[in-house]
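Here is a short note on this structure, written as numbered points. Please keep the sequence and the 3D view open while reading.

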Amino acid sequence: MNKLKDIDYVLLTVVLIIFAAGILFLFSASYQKSKDIDRNLTLFQVMWMVIALGIGAVILMIDYNRFISSAYLIYGLIILSLFIVLGFGIEKLGAQRWLRIGDMSIQPSEFAKIAIVLALARYLGYNTGRMEKWTSLIIPIIITIVPMVLILAQPDLGTALIFLPILFSMLYISGAKIKHLATLILIGLAASPFMWHYLLKPYQKKRLLVFIDPNSDPVGAGYTIMQSKIAIGSGRLFGKGWLSGTQNQLNFLPERHTDFIFSVVGEEWGYLGCMVIVLLYLFLIIRGMNIAYSTADRTARLLVVGLVTLLSLQTFINIGMTMGIMPVVGLPLPLISYGGSSLVSTMVIIALLLNVRMRRMIF
Amino acid sequence: MRLKALTIIIFSLFFILMIGLWRTQIARGYYYHRLSEKNRLRIVPINGPRGIVYDRRGEILADNRLSFDVGIVPQEVKDINKTLKALAKILNIPYTSLNSSFNNKYKKGRSLPFAPVVLAKGVSKDNAIILEEDRLNLPGVVVQANPVRTYLYGKDTAHLTGYVGEIHEGQLKKLKEYGYKVKDIVGHSGIEMSFDNTLRGKDGGMLVEVDNRGRQIKVIGSREPVKGGDLHLTVDIRLQKFLSELLHPRHGGAVFMDPNNGDIFALVSSPSFNPDIFMDPGKRDELNIALNDKYNLPLLNRSVMGVYPPGSIFKIITAASGLQMKKITPKTTFHCDGQFHIGSGTFACPSTHGNEDIRGALEDSCNIFFYNTGLKTGVDGIARYALDFGLGELTGIELPGEASGHVPDRMWKRLKMGENWYPGDTANLSIGQGAMLVTPLQVVRMVSVIANGGYLVTPHLTKEGGRYKENPNIKKVNISDEVIKIIKDGMRRVVEGYDGTGRRARIDGLSIAAKTGTAEVSSGASHAWFCGFAPLDNPKVAFAIVLEHGGKGGEGAADIARETLEFIRRDTDILR
């Protein structure tokens with residue numbers, strides 16, 4: 001049990017630095033009184049981090065192999081809770097993503113991402129060497145599609161869409177043929193007009209259309225993107241300084257404490273601040289990838305690849321959408337955006353990464 | 001190997017982010033910085049006008065006009081009090097009311113910055129021009145031109161068109177999914193409400209860049225507003241207007257309809273209201289009067305929502321059920337000596353008619369004949385025919401809030417009163433008294449069954465863009481041509497016969513079939529009913545008129561029918 005020395009303290013430190021910087025941004029975002037942002041949210045966020053660290057510590061104590069062997073059970077429970085959200089969830093911002101337990105509302109879709117990675121790692125890891133066949137792709141696809149459809153129905157486009165790249169990266173690493181993967185992508189593209197028509201809600205279509213042509217809805221969704229771009233761009237090289245961003249402090253930025261927190265970074269900390277944050281994330285991700293390189297356990301490697309892909313995509317899409325280079329799909333920025341579910345699920349990912357590294361077999 | 005490829009892909013994603021940051025913050029940083037100074041972006045909303053409502057001949061009933069709204073952008077105003085005082089002087093509105101409306105609407109941090117706070121709606125064009133010319137002296141004051149609903153025939157069509165207003169909180173919750181948002185203008189009654197989805201326009205707007213004095217220098221993006229869909233009604237506005245003025249200011253309702261397909265020619269409820277009062281803040285007093293007028297109830301559409309005991313017009317149903325169920329024949333006679341006894345109760349007839357057959361009993365509206373017929377037929381048979389003729393159910397007209405009326409029967413009385421149904425109840429029912437309740441719209445539909453040879457049509461106001469499709473599955477009522485012929489003949493004699501109760505509706509050269517009704521009510525004079533159709537042989541118009549406490553059906557209500565039919569013959573092409 002004496003493996004504490006094998007914890008990757010560098011990775012953990014980077015995580016805590018990003019979180020600490022995030023607290024500064026959140027403080028700034030909630031500095032001015034406004035109707036939809038609670039002024040105490042930094043306090044809540046720190047409280048959530050304490051809880052998240054506790055959960056992370058518990059995860060570290062359990063061998064990751066036990067998570068993988070019970071992956072299907074965890075997956076099943078998450079599917080069940082997604083059904084419950086559809087039935088009894090609370091609506092926030094027009095989407096039903098929240099489940100109320102006592103006084104807390106949690107967002108099962110945040111944890112569904114991890115459950116899918118676990119289930120895929122388990123299946124692909126146990127079927128090593130058989131992935132070159134066509135038919136082996138069927139079950140991984142089903143594992144991904146079921147929660148994806150449930151989350152799309154909530155409706156949460158961003159979370160649902162992030163599943164596909166995760167599936168592909170894990171299939172790729174597990175040895176599936178590139179020919180097969182390319183065919184799947186073509187089928188997906190062919191089916192997308194159908195999905196556009198039947199699966200998407202009007203506001204989701206609008207957001208995607210606005211991404212293609214920001215001027216198509218200048219008064220609605222386009223306004224948010226424009227204000228966010230102005231905020232980031234106006235920060236220029238050095239930024240306007242902490243608590244001094246006019247876009248932020250004058251209430252121009254909607255959802256600036258959650259999905260659009262990066263606009264606050266851009267405006268107040270400038271290009272240099274943004275680069276520091278982006279590089280910190282990149283460092284975190286490379287450090288995570290290293291774990292995949294260094295472990296000999298194929299299943300563990302798949303798990304790490306899935307989790308690292310998840311973290312990178314989430315970071316990329318979130319920062320990309322604040323600059324208008326990705327569509328606005330409602331994904332939080334890991335470790336920085338306000339929200340307990342997002343924070344806890346990110347820390348679970350970090351804990352699983354550390355767990356694999358701690359127990360990796362060293363030759 | 002593959003792990004390396006994946007790492008490179010992730011690397012390139014982050015590289016894209018870094019390029020994006022460079023482009024946004026360094027390459028275009030100056031541009032965005034300039035935009036962020038005093039935030040140079042303004043939203044200029046442009047509301048989409050609602051669709052136009054036409055009558056059957058293409059006359060416009062509901063249109064849009066431009067209204068000038070004055071607001072201020074608080075962040076641009078240097079001295080709020082001075083500006084408000086200047087506005088008060090120009091607009092001739094007390095400073096205190098402008099000030100309180102500003103304080104109510106604007107709360108720091110609660111509204112989008114640089115969004116104008118609207119202080120006065122419907123400002124005159126002259127004042128709007130004065131303000132526009134004076135804008136350099138009054139920084140922060142904005143004048144917006146918005147389309148506003150206007151009704152060309154005002155109170156004459158108020159109950160048909162309904163009116164529009166800001167969306168209520170409850171409606172918003174339900175309609176959010178369909179793209180409705182706070183402060184949207186939606187229909188609150190009439191076809192404005194039932195066809196809101198068709199009529200409502202799509203709002204557009206512009207995102208503009210302004211200079212430090214609030215002048216527009218560049219349009220960054222814009223979306224054209226889209227006008228809502230138009231609606232063509234089956235109504236003939238000439239008839240509608242005539243009938244509306246004829247009924248005013250009496251309390252009552254009247255419907256004129258094509259008995260063959262259910263096209264409504266005119267649907268009137270009196271007293272009416274001016275639908276503009278809901279949108280014009282200057283008419284707030286008038287609105288309060290209308291809303292609180294418990295005596296006139298001007299907002300109640302009596303033709304559709306008003307339920308009344310039918311009185312003797314219900315004898316059409318009693319006759320139809322008795323004849324069709326063969327409880328009486330065309331030759332059956334009953335003797336009327338003015339009184340009728342059931343158990344210990346005595347029922348009266350206004351007159352002593354002697355021996356009567358069905359035609360004669362319809363002509364002079366003999367109660368005794370129908371008491372006897374009703375008792376032979378029984379409550380179950382009468383109630384079934386009442387339902388077959390569309391009473392006790394919604395007609396399905398495209399107007400919100402329709403009342404279904406009530407057809408009493410044994411079960412209802414048992415449940416409601418805990419009492420058995422007595423023969424006296426049947427007698428009362430046979431002449432349309434008691435718990436029976438109908439709307440004028442149901443009555444016009446009922447007489448249309450006689451007029452068109454046995455079909456229960458669906459009354460409707462719209463064709464194009466409406467719910468009604470040509471050739472619907474019209475329900476055939478179980479009634480033979482023979483029975484219809486007998487009832488028609490009786491109804492003809494109501495107007496033409498020597499003893500006819502509706503003789504005052506007589507018009508030379510136009511054969512009319514009708515039935516009068518005088519519905520007794522617990523207090524006050526009876527409600528007067530007059531319903532029927534014309535011409536007898538080839539009916540082209542059916543009608544139902546009710547006047548609350550209007551006395552006998554053969555008097556005031558019959559006069560309205562006659563004058564309206566004369567108008568129809570002279571001034572419309574309905575009978576041609």
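1. Start with chain A: of its 363 residues, 50% count as buried. The chain has 14 helices and three strands. Among the contacts in chain A with a separation of 6 or more, 70% come from residues 24 or more positions apart.

2. A word on confidence before going further. This is a predicted model. The predictor gives the complex an ipTM of 0.92 and a pTM of 0.68. In chain B the mean pLDDT is 88, and 95% of the residues reach 70 or more. One stretch of chain B, residues 465-470, stays under 50 in pLDDT, and the model has eleven contacts beyond four places in sequence for it. Where pLDDT is low, the predicted coordinates should not be read in detail.

3. Back in chain A, look at two helices that pack together. Helix α5 (residues 108-126) and helix α6 (residues 138-152) of chain A have axes 9 Å apart and meet at an angle of about 170°. Angles over 145 degrees count as roughly antiparallel, so α5(A) is roughly antiparallel to α6(A).

4. Which residues make this contact? From α5(A) come A:S109, A:A112, A:I116, A:A119, A:L120, A:Y123 and A:L124, and they meet A:I139, A:P140, A:I143, A:T144, A:P147 and A:I151 in α6(A). By class, the contact of α5(A) with α6(A) has eleven nonpolar and two polar residues, and no charged ones.

5. Chain B holds an open sheet of five strands, in the order β12-β11-β21-β20-β19, with antiparallel pairing. Its edge strands, β12 (264-270) and β19 (513-519) of chain B, each pair on one side only. From one strand to the next, the twist averages 5°.

6. Within that sheet, β11 (residues 252-257) and β21 (residues 541-547) of chain B pair in the antiparallel sense over six bridges. Helix α17 (residues 440-451) of chain B touches β11, β20 (527-534) and β21 of chain B, and its direction makes about 145° with that of β21(B). Helix α18 (residues 481-496) of chain B touches β19 and β20 of chain B, and its direction makes about 75° with that of β19(B).

7. Another open sheet in chain B has three strands in the order β1-β8-β9, with antiparallel pairing. The edges are β1 (41-46) and β9 (216-223) of chain B, each pairing on one side only. Neighbouring strands of this sheet are turned by 25° against each other on average, direction ignored. Strand β1(B) is joined by six bridges to β8 (residues 204-210) of chain B, and B:I46 stands opposite B:G204 in β8(B).

8. A hairpin is also worth a look. Strands β14 (residues 339-342) and β15 (residues 345-348) of chain B pair in the antiparallel sense over four bridges, with B:H341 opposite B:T346 in β15(B). Two residues lie between the strands of this hairpin, in which B:G343 takes a positive phi near 55°.

9. Last, a single loop residue. B:A115 lies in the loop between α4 (95-105) and β4 (117-123) of chain B. Is B:A115 buried, exposed or partly exposed? It counts as partly exposed because it has 15 C-beta neighbours inside 10 Å. The C-alpha atom of B:A115 is separated by 6.2 Å from that of B:V73, although the two are 42 residues apart along the chain.

Definitions and conventions:
Residues numbered from 1 in each chain as written. Chains lettered and ligands numbered in written order. Predicted model: local features only at pLDDT ≥ 70, side-chain atom pairs only at ≥ 80, totals over all residues. pLDDT = per-residue confidence, 0-100. Contact = placed C-beta atoms within 7 Å. Pairing = 2+ DSSP bridges. Axes fitted to C-alpha atoms, helices over the stretch in contact; angles between N-to-C directions. Buried ≥ 20, exposed ≤ 12 C-beta atoms within 10 Å, placed from the backbone. Parallel < 35°, antiparallel > 145°, perpendicular 65-115°, else oblique. Nonpolar A, V, L, I, M, F, W, Y, C, P; charged D, E, K, R; others polar.
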